[in-house]
Amino acid sequence: MPATTALHLAAEIGGPPHYDAPHYTALAQLAERGTLDFVTLGDSFARPGLDALAVLSRVAPATRRIGLVPTVTTTHTEPFHVSSAVATLDWVSRGRAGWSAEVSTTGAEARLFGRRPAAPAADLWREAADTAEAGARLWDSWEDDAEIRDVATGRFIDRAKLHYVDFEGATFTVRGPAIVPRPPQGHPVTVIDGTGGPSQDAAARHADVVLVRATTPEQAAGIRAEVRRRAATYGRDPDALRVLVALTVDLGDAETAPEPGPESGPRLAAGGSYYRGGPVDLAELIGQWHRGGAADGFHLTPLTPARDLERIVNGTVALLQHRSLFRTFYPGGTLREHLGLARPANRYALAEGRA
């Protein structure tokens, strides 16, 4: 079925660890010049490096429009702190924050914390889903106009518009309310890899953006249809999801026309799909897959960030813009606006008839 939605593009700006903020700032600014929806910055307890969420909080004031999505590992971390940190990023970026939920499955990572042993991935993804649910409730625990700042009466908050969330999950409970006011977007954007396995259920229940890994447009379309079907079973509007194909790209080669036949797509590599070629061929692939309804867009991970992101922006994106397949300016100021997603209503205000 041909695509009827706008094309969405995002890029990873991680790679070998860097310990200087200007490195990440320059990459985010480059992606912003290409009007990409958002950049991600990967993170893991399994490798050294700076904290992704803190780095993007530093990048935020040096950018104006692009979305900022750090990886946040929900295993071994406190859901209340996760919610507060992501809400803070949304405030300092003026509504451009998201978070990419991930889990930690190894015993070596568990020993770093010493609180509990490693657990099966299925259990950890159920916990990640609980973290996403608790976070959404905490973001709603302040209604949008809860701050009144009434000097005459000395009242800072209207307590009738502050709510306990009283969430009970399988491995934690959260009472709330939050200590950070409701974020500018209402809910910062939640990103989850939903290709398959236990993460797909969490993605269908809670993600705004679902990343999928596929080597053919037919495979991508099948995964997209399954994620949307699952979302509908949870009472969600499938059209409120954005499904992006996750693709590692190596743009160090010259342009080469793809061979005809079923193998003419990105080649499978460890951990997902892999494209090697030139910026023009990549633009052809993105355009064909999107027009065919395989996905709502692409999340591109440059093999060599400094080299490949420049070729993505000045080559691939420029060509897609020239062909009127991708926008040339940001239509709004928030990440939700970039993605065409509505700002969620506050569940507690709705329940009390104030929304």
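In helix α1, the residues H23, Y24, T25, L27, A28, L30, A31 and E32 are buried. The model examined here is predicted. The cover over the buried residues of α1 includes strand β2 (38–41) together with helices α2 (52–59) and α9 (305–322). Helix α1 itself comprises 13 residues, 21–33, and extends 18 Å between its first and last C-alpha atoms, close to the 18 Å expected at 1.5 Å a residue. The helix is followed by T35, which has a positive phi near 55 degrees.

Helix α5 (residues 121–140) takes part in two of the helix contacts described below. Of its 20 residues, 15 are buried, and α5 is accordingly mostly covered.

Packed helix pairs are described by the angle between the two axes and by the distance between them. For α5 and helix α6 (residues 198–206), the axes come within 8 Å and cross at roughly 15 degrees. Because angles under 35 degrees count as roughly parallel, α5 is roughly parallel to α6. The crossing of α5 past α6 is right-handed. On the α5 side the contact is formed by A121, A122, W125, A129, A132 and E133, and on the α6 side by P198, S199, A202 and H206. Seven of the residues in this contact of α5 with α6 are nonpolar, two are polar and one is charged.

The buried residues of α6 are S199, Q200, A202, A203, A204 and H206. These buried residues pack against α5, but also against strands β9 (189–193) and β10 (209–212) and helix α7 (217–233). Among them, S199, A202 and H206 are buried in α6 and also belong to its contact with α5.

The second contact of α5 involves helix α3 (residues 79–92), with the axes coming within 9 Å and crossing at roughly 55 degrees. This angle makes α3 oblique to α5. The crossing of α3 and α5 is right-handed. Helix α3 contributes P79, F80, V82, S83, V86 and A87 to the contact, whereas α5 contributes T131, G135, L138 and W139. By class, the contact of α3 with α5 contains seven nonpolar and three polar residues, with no charged residues.

How values were computed:
Residues are numbered from 1 along each chain as its sequence is written. This is a predicted model: local features need pLDDT of at least 70, side-chain atom pairs count only at pLDDT 80 or more; totals for chains, interfaces and linings use all residues. Side-chain values use heavy atoms; hydrogens and water are left out. Axes are lines fitted to C-alpha atoms, for helices over the stretch in contact, and angles run from 0 to 180 degrees between N-to-C directions. Helices (H or I, at least four residues) and strands (E, at least two) are DSSP runs, numbered from the N terminus. Angles under 35 degrees count as roughly parallel, over 145 as roughly antiparallel, 65 to 115 as roughly perpendicular and the rest as oblique. A crossing is left-handed if the near helix is turned anticlockwise from the far one by less than a right angle, and right-handed if clockwise. Contact means heavy atoms within 4.5 Å. Ala, Val, Leu, Ile, Met, Phe, Trp, Tyr, Cys and Pro count as nonpolar, Asp, Glu, Lys and Arg as charged, and the others, Gly among them, as polar. Buried means under 20% relative accessible area, exposed over 50%, partly exposed in between (1.4 Å probe, protein chains only). The expected span of a helix is 1.5 Å times one less than its number of residues.
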